[in-house]
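The structure is shown first.

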There are 6 protein chains.
Amino acid sequence: MRPSGRDLSEMRAVSIETGVTMHAEGSCLIRMGNTHVLCTATIEDRVPPFIKGSGLGWVTAEYGMLPRATNTRMRREATAGKQGGRTVEIQRLIGRSLRAGVDRVALGERQITVDCDVIQADGGTRCASITGGWVALRLAVNKLMKAGDVISDPLVDPVAAVSCGVYAGQAVLDLDYPEDSEAGVDGNFIIHGDGRLIEVQMSAEGATFSRDQMNQLMDLAEKGTAELMAAQKAATT
Amino acid sequence: MRPSGRDLSEMRAVSIETGVTMHAEGSCLIRMGNTHVLCTATIEDRVPPFIKGSGLGWVTAEYGMLPRATNTRMRREATAGKQGGRTVEIQRLIGRSLRAGVDRVALGERQITVDCDVIQADGGTRCASITGGWVALRLAVNKLMKAGDVISDPLVDPVAAVSCGVYAGQAVLDLDYPEDSEAGVDGNFIIHGDGRLIEVQMSAEGATFSRDQMNQLMDLAEKGTAELMAAQKAATT
Amino acid sequence: MRPSGRDLSEMRAVSIETGVTMHAEGSCLIRMGNTHVLCTATIEDRVPPFIKGSGLGWVTAEYGMLPRATNTRMRREATAGKQGGRTVEIQRLIGRSLRAGVDRVALGERQITVDCDVIQADGGTRCASITGGWVALRLAVNKLMKAGDVISDPLVDPVAAVSCGVYAGQAVLDLDYPEDSEAGVDGNFIIHGDGRLIEVQMSAEGATFSRDQMNQLMDLAEKGTAELMAAQKAATT
Amino acid sequence: MRPSGRDLSEMRAVSIETGVTMHAEGSCLIRMGNTHVLCTATIEDRVPPFIKGSGLGWVTAEYGMLPRATNTRMRREATAGKQGGRTVEIQRLIGRSLRAGVDRVALGERQITVDCDVIQADGGTRCASITGGWVALRLAVNKLMKAGDVISDPLVDPVAAVSCGVYAGQAVLDLDYPEDSEAGVDGNFIIHGDGRLIEVQMSAEGATFSRDQMNQLMDLAEKGTAELMAAQKAATT
Amino acid sequence: MRPSGRDLSEMRAVSIETGVTMHAEGSCLIRMGNTHVLCTATIEDRVPPFIKGSGLGWVTAEYGMLPRATNTRMRREATAGKQGGRTVEIQRLIGRSLRAGVDRVALGERQITVDCDVIQADGGTRCASITGGWVALRLAVNKLMKAGDVISDPLVDPVAAVSCGVYAGQAVLDLDYPEDSEAGVDGNFIIHGDGRLIEVQMSAEGATFSRDQMNQLMDLAEKGTAELMAAQKAATT
Amino acid sequence: MRPSGRDLSEMRAVSIETGVTMHAEGSCLIRMGNTHVLCTATIEDRVPPFIKGSGLGWVTAEYGMLPRATNTRMRREATAGKQGGRTVEIQRLIGRSLRAGVDRVALGERQITVDCDVIQADGGTRCASITGGWVALRLAVNKLMKAGDVISDPLVDPVAAVSCGVYAGQAVLDLDYPEDSEAGVDGNFIIHGDGRLIEVQMSAEGATFSRDQMNQLMDLAEKGTAELMAAQKAATT
């Protein structure tokens, strides 16, 4: 039995509230159970030096956690003087995942920065950031298209992410913190709207896993991201 | 006329929503018009080295802004590698102001850290942080008292703060961003529930002010903080 | 009675020695009792990016303390890897205060950096820095005017600063360190030569103050800065 | 056809030279084709604070690249003032992977740090680091066992890693740099000596992949790591 | 002819004013021509970890330059976020040189930190720092001996330093800035009161030198440091 | 007797293996006994700002040590967040020494960066870096000349370096670590192929030395660098 009483393949309640800040070109507050992430998308007319003049666009992401988003207060990274290894790893993953769903020619030579700030954490913050980040990105691109700055839609299919893991010997979908902290094996699955895979990260801390288990987790992830894509669609249309 | 159409001595709409995060010992989301600040209070059993063993408590504060809380995206301080001068100045002010309202003997040898994170900015974020920070602090102390860890209430009167300034030649209460960016003179007034002053900061950029103007701003501040204290009271009882 | 035996409204002995370094365009060593600050002004032909091409000038300030300016040795900020919060707060105040007394159009598109380095500290270093910094600035501007690089004087009136506080229940002028470390309430008053106010900062640590006390401190500050302006005048003419 | 002329499932020549530095408790120089990594293992009697007194051991890793290990010189991270995001991500992966193969009870309360420094890079440096890092670790543990400091072997099975990817539409084993820079999809597979999986990371930059392709890459990885484990065995017995 | 009109073996005017700050245990302002360095010595009862419990004392040094000590303003190291390479090199030299003249057993388990801050620079600041630093150290040790905290004098002979170089083809003593910036070869010579050498650093930038020239510079240095030791003696007795 | 059994004026075995990395324009692995340093030279078409447009070339150096190059593991400087004082001092010395042997007009407006990374340390790493660094530089320049990018050879004579010291009362050549850690006096001698001196650094830690001893060490250094220049010649022709 899962601590939350959920079925093995049951997601937490998902809600995506859009337009939550007045300044950003796109924004949403995504809630996956008790994990709440505020995602904003900022459009800028400049691109990183390595693609200047290429005509291609760029999408990048940054990730942060409010100090008391967690059970015990974490030191503020601005005070520590640098982003921790975990933060850097997560924001690189978010950026890479979102870019996989973007037609950078259609976007044109501009940059969209997606900021994902965790307001409250209960496991699965990086997956919530990707799923919510895509919504903020979608809304910002809608604005560009409405203004006629972008003609052909650079976001054909959504990008969504979910974590799965082996908890108490069973493959379970959408780990919350009590499960995540116990699971010997867990994975993050980033999947495209056309059913193809963008990124798969499975790792074990103090355990190992078989190819069979890997396939079970993949099956759960496909189910979970389909549900997330439905929520993304509902929020953006 | 003020850009918002408010009267010279009219505050923005104030709302204080409590219990907004599941982890913190005290929390609120304070909204002063379009300025929204999430305040959390964290209780820890350790105190800074310089008061260890003194039996006295400590209250400190940290301040941050989400990158897109503002009209144009600001660089994340964790990425920049340090807190900017403005941030440090503000969080020192918040901590000093809250401590002025705390009986540190009654609090006992423990530390409460108040984090103020600006979700959306439209002027007056430091004052909103102090007013909301006091609410988070009040709720955390209530928890300590309910548990019997603190017997005598260390927070006799509230602490509230408001900004006033000279806009278009007139003294106005509770500056929003359009006013703040135009005002040649502005001040922050931190006032205690017993009517005495905790901190007064008036400064001019490209202008100067008379003692008469100083007194007009003080009068407005007393009116404004009285209204804020009513909102604090409503939120915490 | 004050530890130094001074009257309540008596300043410490003030001396301002000019031309103390051979390299700077303007310089002085200001002594307010045992507080000694070396102030230099450096003229550069470049301005910060945000005013490039505007025709306006800029005045900025930096502040430092020699490690053994204080009673116990403080860690060198260059070794610590950053300026502390107190340092940043002080140098922002110095720059803002001096700029309030500058006609930036008359100055023309150039920058003057005022460095204030505390050689020996006994309370009131930020006020001494502003008062002495203005002298260094005045001397540097004199050089520009003499050379015909600036025609109309951008410094019509002086800027001076003094601290006042409530010590042993009494309002006193020009706090020295023994008073400053005991005073529950203290303030810094930056005043323009025309009698108008530039910045007022009053704060309480572990106490509060009334509007009456605020007015008493203001009265003392006006007396003190008048004396400082006489010393500035004597030093620069 | 692969740029190197290798078959689709053909590894590069692998060599593992042990005992290459006089100071380290275990060391090797691993060469996977033109990728050369120097791995050393250092035994220390202290453990990180979070496991002090637990009786458990710890294995951690650090990763670096000499500035001219690559085709164009990269800035030295010690000069830049911090480890880049890629470095941090890699060294966390190495440490996690090696720990998965360690019986931390059998190791006892001591720490082994595995340093992996890339002397020459031609793709696959993180996988070479894991495979060579395990050899350095094995040799250090051998020393502990020979000295009687450790009785039961904490390293029952080896840990090896290989990268695979989709190059020119085909699944290929052990990517070199020319392949890696062209491959739209690539993965790192860390596998235990008992055939179970430790970590799987597959990612796409500017492409996506199917579950079929995922399985093809997994098959190749199992073949490749089997060959690497034979080389590890030959080097350590 | 030298720019200053001095003879080849003529020092600049040297003055050493002691007791220049009220807080430090020992202090002096040394002037070698237009090079002015403020030196303070701070006694602390703690020693660095590597000699804790050894009964030995420690002497260390730190070096800084005020931003406008030089002809053009240099960036403040506290702002830059670190001490530059030149600064670190110089302060290591000062500390090493002073320690060579200290009987660390006689000093007892305490640390003396010598801070050398350049108020005005005109060449030879590191040598002036050593010579003046020794005076500050001597005065601090005198205080310890007077108080009976140290019985046997740990400073039997003085330490003094001077720079020499090849300017316009001639060996000259005590380079000032105009000479130093032209000299292809220059050296710093740190000499003990008993005539033995503590440190010799000769280097060429864009030139080389012969052993003959090396010996000429050594001869000049012996003459110069003898004069400096006379000034040290006069200042400390 | 020396710990290694060498005669007083006997060097350790020297070997210089060239072409050790595939990417660098010049490279070697120099071994002086158990001290092993990997030196690479990188040619870039840009020069530092202060010589842009001058037509002059630039040679600079960086130095590093692998964490376990030493007997006990040292903290990685990239993790510590900065290069230590010793590292900065050494790399400045290497750069200065190599530049003394370069005709910067003949080199033309390009930069060569020499990276010296210590693989294994047993004393004398800075001298080995200079001697090996010159070989890497020579090979890179050969490449430029072969390609016709440089016509006149900018490296007429080699640069070599050796350490000497007073060990157990006797002047000895080429100190290894056991000698270096005991020697009260040691020096680094950087000598040009024409017999003239480039840099001499002699220092004492806890001892002093006479001019006689200085001359004995110089004699040994001349013998030692002659042998090193023979090895450099053999390696590069």
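## The interface of chain A and chain B

Across the interface of chain A and chain B, 12 salt bridges are found. One pairing of this kind is formed by the side chains of B:R76 and A:D117, with 2.9 Å from N to O. On the side of chain A that touches chain B, at least two residues each come from β3 (35–44), β4 (58–65), α1 (77–80) and β5 (111–120) of chain A. Of these elements, β5(A) gives the most, with six residues.

The model is predicted, and the extent of this interface is computed from it. In it, 35 residues of chain A are in contact with 35 residues of chain B. The area buried between chain A and chain B is about 2,800 Å², and carbon and sulfur atoms give 50% of it.

## Confidence of the prediction

The predictor assigns the complex an ipTM of 0.95 and a pTM of 0.90. For chain A the average pLDDT is 96, and 100% of the residues score at least 70.

## The interface of chain B and chain C

Between chain B and chain C, 30 residues of chain B are in contact with 30 residues of chain C. About 2,900 Å² is buried between chain B and chain C, with carbon and sulfur atoms giving 46% of this area.

The count of salt bridges between chain B and chain C is six. A salt bridge links B:E89 with C:R92, and the closest N and O atoms of the pair are 2.7 Å apart. Polar contact between chain B and chain C involves 18 residue pairs, with both residues at pLDDT 80 or more. The side of chain B that touches chain C draws at least two residues from each of α2 (85–99), β9 (197–204) and α6 (211–236) of chain B. The largest share of that side, eight residues, is supplied by β9(B).

## Salt bridges within chains

Over all chains, the count comes to 120 salt bridges. In chain A, the side chains of A:D176 and A:R6 meet in such a pairing at 3.3 Å, N to O. A:D176 lies in the loop between β7 (170–173) and α5 (177–180) of chain A, whereas A:R6 lies in the segment before β1 (14–18) of chain A, so the pair ties together parts that are 170 residues apart in sequence. Both A:D176 and A:R6 are buried.

In chain E, a salt bridge joins the side chains of E:R6 and E:E179, at 3.7 Å from N to O. E:R6 belongs to the segment before β1 (14–18) of chain E and E:E179 to helix α5 (residues 177–180) of chain E; the pair therefore ties together parts that are 173 residues apart in sequence. E:R6 and E:E179 are both buried. In chain A, salt bridges that share partners join A:R2, A:R6, A:R12, A:D122, A:D174, A:D176 and A:E179 into one network.

A salt bridge within one helix occurs in chain C, where C:E227 pairs with C:K223 and the closest N and O atoms are 2.7 Å apart. The two residues, C:E227 and C:K223, lie in helix α6 (residues 211–236) of chain C, four residues apart, which is about one turn of the helix. C:E227 is partly exposed at 37% relative accessibility, and C:K223 is partly exposed with a relative accessible area of 35%.

## Aromatic pairs

The whole structure contains six aromatic pairs over all chains. In chain B, the ring centres of B:F50 and B:W58 are 5.1 Å apart and the planes stand at 90°, so the pair is edge-to-face. B:F50 is exposed, with a relative accessible area of 58%, whereas B:W58 is buried, with a relative accessible area of 13%.

E:F50 and E:W58 also form an edge-to-face pair, with 5.1 Å centre to centre and 90° between the planes. E:F50 counts as exposed at 60% relative accessibility, and E:W58 counts as buried at 13%.

Conventions
Residues numbered from 1 in each chain as written. Chains lettered and ligands numbered in written order. Heavy atoms only, no water. Phe/Tyr/Trp six-rings, centres within 6.5 Å; stacked < 30°, edge-to-face > 60°. Buried < 20%, exposed > 50% of the residue type's maximum accessible area, 1.4 Å probe, protein only. pLDDT = per-residue confidence, 0-100. Contact = heavy atoms within 4.5 Å. Buried area = accessible area lost by both parts, 1.4 Å probe. Salt bridge = Lys/Arg side-chain N within 4 Å of Asp/Glu carboxyl O. Polar contact = N/O pair within 3.5 Å; in protein donor to acceptor, adjacent residues only side chain to side chain.
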